[in-house]
Amino acid sequence: MTPGLLGGIALLATLVFSLVGLVLAGLALWAQDRRYLEAARRVAPMALLAALTSFGALEWALLTHDFSVRYVALHHSVKDPLWVTLVTPWAALEGSILLWGTLQTLYTWLVSRRVDAGGFKSASTTPLLDPWRAPVALGVLFAIQVFFFAVMVFVAHPFDALPNPPADGRGPNPLLQNHWMMAVHPVLMYLGFVGLSVPFAYALSAMVARRFQSWIFETRWWTLVAWGFLSTAIFAGAWWSYEILGWGGYWAWDPVENASFIPWLLATAFLHTTQVQERRGMFKPWNFAYITLAFAATVFGTFLTRSGVIQSVHAFADGPVGALFLVFLLGVLVVGLGLLSKVSGEVRDAGEVRWKSREGALLAGSLLFGTMAFVVVIGTLWPLVVEALSAAKVSIGAPFFNQVSAPMGVAALLLMGIGPVLPWRNAGPQIRRNLLLLGSALLVGTALGLLLRLTLGVSLSLGLLAYNLCAVGVMIDQGVKERSRALGISRWKAFLELASSSRRRFGSHIVHVGFALAAVAIAFSQTYRFEEAKTLNLGQSWQTAGVELRLRNVGVEDQGNRQSVYALVEMRAVDRRGLWADGTYTTRLNFYPQMGNQGLAAPDLKYTLYNDYYLILQAFDTERGQWATLKLVVTPLVLWLWIAGGIIALGTLYILWPSPQPQRERTAGGA
Ligand code: HEM
């Protein structure tokens, strides 16, 4: 058996299993019979196994250089290093759909294990998937699987055969093999995207079964997992882009970056409004709307990249796949929002929201995230709309997005500090002291920045970090005092007890501080970035930005799959601004056969706790290696952005980590 044949059969089998699962889930709903539900559950692992086999077959074809498979011939070369070969399944269109579909079967299987096998006898709400809603939830997940595997079987087959296989293939897009992050970022992103299908499926099932409350408890874990993957993927993507794209920045508001940011914004809004429903049984319609939009946004991103409507590092192909994703996107919106409009009369909120309360802050915050998502959608689509209507080219670039996101970021940081400090329902005069403390921290932090002659924006970011740290301090202090008094234990013991039993509270503090830290890093790095370029002869030195650079060597290396031209540069600090810059830098231009004479920059950089020194080789003496044109980019506090990303990931993990004793949250009842 060849890998192509095995992969093709397994692909078809996954489609068939998914269809059978869908039909069985439909029968379980129609007949209200748990035997069908049980059967649907049993199909989920079969679909997973078949999808894994298909994925494995693609790896097999790549590892054995089987160029009779078109995908392998187009995106792999015998010269590729092993790690590049292993990650090639997601380096192009068909393989990335296969990864998405396989992860979907994984999530469906995990959800199927949460179905309460007790059947339809009891309506009890447990952490398990409520059996009244299970058929629809599983059915939706199977339906999504059917879409992905049908696209592969009928339109974008990863195992299409090539009648006359070449002796060697082209290899993947060089940009994708220039950095190990290729092994990490796409997988995290897909885990996040696909993960959002679970709360979406639960939301639809809640609307169909008209049981509007308990799905929120059941989906919290899934939402956090998906949100955590998405957040980490966005930071990882920014880091990757910083390290390899050779312009010294990490976020360019590229349409595809935006496409990952939109679901993140909507998922963050959802993560916060669900807390109000959990606690007070309110914001039900918001939650249905937000999760529908968040899931639709993941499909929107895929539509953008697969339709060929944009040109980008991430864009894969022109062809019918884009149109199919558009239909799928519209389907998600029509079904989700259509069902919401159908049940809207029954899910109206009973209570009233006061702005001076925790739910008020949560609503304001989620509206802010929703508005930002809307702005990013419009900013991303506007050039396409103008081009389609008038053939004129307009570009909405970083300045527009930066201008809009800066005030929104400030508002989000203000709300993020005050929100958790406010009590539920209505804040009384007792919070005045806390507000005073928070306001003072904001003023002191900002004033300190201004005294250090930082710009107003950067000083404000420091003030907002101080304000958020103060908010966390106030809440921890309050919790520790209460616990120490109630349990008669020391403050330290009370702190440890609080940290281990209130994982959600503590974890969200960690995540919030991570976000405030990221804002400081962004403010500094965007405001004080310095760059300069110069051509140096061998041995010549150049003083700039507090450092002295000396060109030591220019040479070329044959690295199998590419020719790598390098410049060896010594850098040393000449004044305080060049702190920690000392070292030898090897900056490269890599030449891949697929890209002709166009070199791909592989900058060398040194991270420090203050400035990053980022050296790019722009041009070189092709004949004798006597000179090189170098560009130096010095950016402060970028390392703190990656640290902030790590803090956010750790905070999320901390919340998700099982508690030694189950946390008792006061919650709103109802099904
Ligand atoms: C949790 C408010 C922005 C991530 C929370 C909680 C509140 C809150 C009140 C619950 C804390 C507790 O249980 O004691 C807000 C407000 C924001 C905001 C008003 C401003 C717009 C953010 C941002 C992020 C974030 C920007 C992400 C970087 C989280 C996470 C949780 C959380 C992950 C835990 C959720 C859970 O366990 O279900 N937030 N937050 N928040 N927040 Fe925020």
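Analyst: A term needed from the start is buried, which means under 20% relative accessible area, while exposed means over 50% and partly exposed in between, with a 1.4 Å probe and protein chains only. Helices (H or I, at least four residues) and strands (E, at least two) are DSSP runs, numbered from the N terminus. This is a predicted model, in which local features need pLDDT of at least 70 and side-chain atom pairs count only at pLDDT 80 or more, whereas totals for chains, interfaces and linings use all residues. Residues are numbered from 1 along each chain as its sequence is written, and side-chain values use heavy atoms, with hydrogens and water left out.

User: Which two residues coordinate the iron atom of the ligand, and at what distance?

Analyst: Donors are N, O and S atoms within 2.8 Å of the metal (3.2 Å for Na, K and Ca), and as water is not among the atoms, sites may look incomplete. By that criterion the iron atom of the ligand is coordinated by H272 (NE2) and H512 (NE2), at 2.0 Å.

User: Why does this pair tie together parts that are apart in sequence, and how many residues apart are they?

Analyst: H272 is buried at 18% relative accessibility, and H512 is buried at 16%. Since H272 lies in helix 11 and H512 in helix 19, the pair ties together parts whose separation in sequence is 240 residues.

User: What is the geometry of the site of the iron atom?

Analyst: Four donors count as tetrahedral if all angles lie between 85 and 135 degrees; four count as square planar and six as octahedral if opposite donors are over 155 degrees apart and all others between 65 and 115; anything else is irregular. The six donor atoms here make angles of 87 to 178°, and the site of the iron atom of the ligand is octahedral.

User: Which helix supplies the largest share of the shell around the ligand?

Analyst: Helices 10 (214-244), 11 (255-280), 14 (358-390), 15 (398-421) and 19 (503-527) each supply at least two residues of the shell. The largest share, six residues, comes from helix 19.

User: Between which domains does the ligand lie?

Analyst: Domain bounds come from an automatic or database domain assignment. Both domains give residues to the shell around the ligand, so the ligand lies between domain 2 (182-427) and domain 3 (429-527 + 641-656).

User: How far is an oxygen atom of the ligand from an N or O atom in the side chain of R505?

Analyst: A polar contact is a pair of N or O atoms within 3.5 Å; within protein, one must be able to donate a hydrogen and the other to accept it, and residues adjacent in sequence count only if both atoms are side-chain atoms. R504 has a polar side-chain atom 3.1 Å from an oxygen atom of the ligand. For the side chain of R505, the distance from an N or O atom to an oxygen atom of the ligand is 2.8 Å.

User: Is R453, with its positive phi, buried or exposed?

Analyst: R453 is not a glycine, yet its phi is positive, about 65°. R453 lies in the loop between helix 16 (432-451) and helix 17 (456-487). With a relative accessible area of 77%, R453 is exposed.
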